[in-house]
Amino acid sequence: MSRARRATLPPAQENIDKLDNIVKQGNSYGAQQMYKSITARYVAAERYSDALEIYQAGACVQLEHEQVTCGAELAVLLVETLVKGKFPYGEDTLERIRRIYEKFPRIPVTHNLDMSDDDMQRVHEALGAAKTRVECCSSFLKAAIRWSTEFGAQRNGSPEIHDMLAEYIYSESPEVDMAKVSFHFVRGKDLEKFASTLVNFTGKCYPGEDDMAIARAVLLYLSLGNLGDANDLVDEVQKQMQDKELDYPHSELIEFINYLLETLQRDALPLFNRLRQTYASSLDRDPALNELLDVVAEKFYGVRRRNPMQDMFGDIFKMMGGDVM
């Protein structure tokens, strides 16, 4: 039966051309239903490669026409097909993810409060559209991260996809959540981009958020046992700020981070604990900092966490990065 169904299906490109024209004629919704129904036949016939070609083409053309919800739906279906077809993580499959990601719209939102009611309405609509774009792109990339984890990427998922997600959340979110941005960047591989994002954020954030963003980023690296990148990130942020003639944040929290990075290079648990006590008031600014430090203590000094703290830390990770694992 499978062979018969394979024989009756035309080459994928025939359907791609037909559906592409329907979208270009302005019937995105009609094309969407056809993309799903036609591609389901290829999946049922186990012609997974053809299904991937149709889903990729459909997602890209829908996104090019700013049909973000439609494009994201097809992109998620593409990832589901990667799973069904047991496609391994590699450059070819990653390139499919990357090509769709690059089609997601990037539309600057103007925040101007001195406007007429009509202008305010347009800004309100633009902010809503931006939120939708971020949610749609996030759903697609988080699904891709889960697939990559299962089919051959690193334990935390594809670093390249984590970098894509971090960059899109930061560039397109109406209200940037640096915790989520940092959660994905520390699982990525583009440390220089992470540093430039932090530098950009410190230049426009509210007072007191700049040192918190840097401290959280460092602790997230350390919670993964990654002391090298934690140090490199601080050096890169300082270098980029110096190049731009910007002042690196100075606070008790930054002092703590500097001392912590030195302490973790040696077997010095008593000093680690003393640092936490000395800078307790600064660390209490955000409960997540102490939760991250509990993980750091376990990673570097073998200090076991209590179960309630582990549960809380899991909740914090979900808050930062969503359910990606």
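## Helices α2 and α3

Is the crossing in which α2 passes α3 left-handed or right-handed? It is a left-handed crossing. This comes from a predicted model, as does everything below.

Helix α2 covers residues 12–24, and helix α3 covers residues 28–44. Their axes come within 9 Å. They cross at roughly 165°. An angle over 145° counts as roughly antiparallel, and therefore α2 and α3 are roughly antiparallel to each other. On the α2 side, the contact is made by A12, N15, K18, L19, D20, I22 and V23. On the α3 side, S28, A31, M34, Y35, I38 and Y42 take part. Sorted by class, this contact has nine nonpolar, two polar and two charged residues.

## The chain as a whole

Now step back. The protein chain has 17 helices and zero strands. It has 325 residues, and 50% of them count as buried.

Two packed helices are described by the angle between their axes and the distance between the axes. Take helix α5 (residues 68–84) and helix α6 (residues 91–103). They pack at an angle of about 170°, and their axes are 11 Å apart. The two are therefore roughly antiparallel to each other. From α5, the contact uses A75, L78, V79 and L82. From α6 come T93, I97 and I100. The class count is six nonpolar, one polar and no charged residues.

Now find helix α10 (residues 191–202) and helix α11 (residues 209–223). Here the packing angle is about 160°, with the axes 9 Å apart. That makes α10 roughly antiparallel to α11. Their crossing is right-handed. In α10, the contact residues are L191, F194, L198, F201 and T202. In α11, they are E209, D210, A213, I214, A217 and Y221. By class, eight are nonpolar, one is polar and two are charged.

## Aromatic rings

How many aromatic pairs does the structure hold? It holds nine. One is formed by Y259 and Y279. A pair of aromatic rings is described by the distance of the centres and the angle of the planes. For Y259 and Y279, the centres are 6.4 Å apart and the planes are 45° apart, a tilted pair.

Y259 lies in helix α13 (residues 252–263). Y279 lies in the loop between α14 (269–278) and α15 (280–283). The pair therefore ties together parts that are 20 residues apart in sequence. Y259 is partly exposed, with a relative accessible area of 42%. Y279 counts as buried, at 9% relative accessibility. Elsewhere, Y101, F104, F140 and Y168 form one aromatic cluster.

Is L260 buried or exposed? Its relative accessible area is 0%, so L260 is buried. Leaving out residues up to four places away in sequence, L260 touches L219, L222, F272, L275 and L293. Consider F272 from that list. L260 and F272 are twelve residues apart in sequence, and 7.0 Å apart in space from C-alpha to C-alpha.

K142 is found in helix α7 (residues 117–150). Residues under 20% relative accessible area are buried. K142 has 18% relative accessibility, so K142 counts as buried. Along the chain, K142 and I161 are 19 residues apart. Their C-alpha atoms are separated by 8.4 Å.

Most residues other than glycine have a negative phi. Which phi does E46 have? Its phi is positive, about 65°, although E46 is not a glycine. E46 lies in the loop between α3 and α4 (48–64). It is partly exposed, with a relative accessible area of 44%.

E245 also has a positive phi, of about 55°. This residue is not a glycine either. E245 sits in the loop between α12 (227–243) and α13. With a relative accessible area of 73%, E245 is exposed.

Key: Residues are numbered from 1 along each chain as its sequence is written. This is a predicted model: local features need pLDDT of at least 70, side-chain atom pairs count only at pLDDT 80 or more; totals for chains, interfaces and linings use all residues. Side-chain values use heavy atoms; hydrogens and water are left out. Axes are lines fitted to C-alpha atoms, for helices over the stretch in contact, and angles run from 0 to 180 degrees between N-to-C directions. Helices (H or I, at least four residues) and strands (E, at least two) are DSSP runs, numbered from the N terminus. Angles under 35 degrees count as roughly parallel, over 145 as roughly antiparallel, 65 to 115 as roughly perpendicular and the rest as oblique. A crossing is left-handed if the near helix is turned anticlockwise from the far one by less than a right angle, and right-handed if clockwise. Contact means heavy atoms within 4.5 Å. Ala, Val, Leu, Ile, Met, Phe, Trp, Tyr, Cys and Pro count as nonpolar, Asp, Glu, Lys and Arg as charged, and the others, Gly among them, as polar. Rings of Phe, Tyr and Trp (its six-membered ring) pair if their centres lie within 6.5 Å; planes under 30 degrees apart count as stacked, over 60 as edge-to-face and the rest as tilted. Buried means under 20% relative accessible area, exposed over 50%, partly exposed in between (1.4 Å probe, protein chains only).
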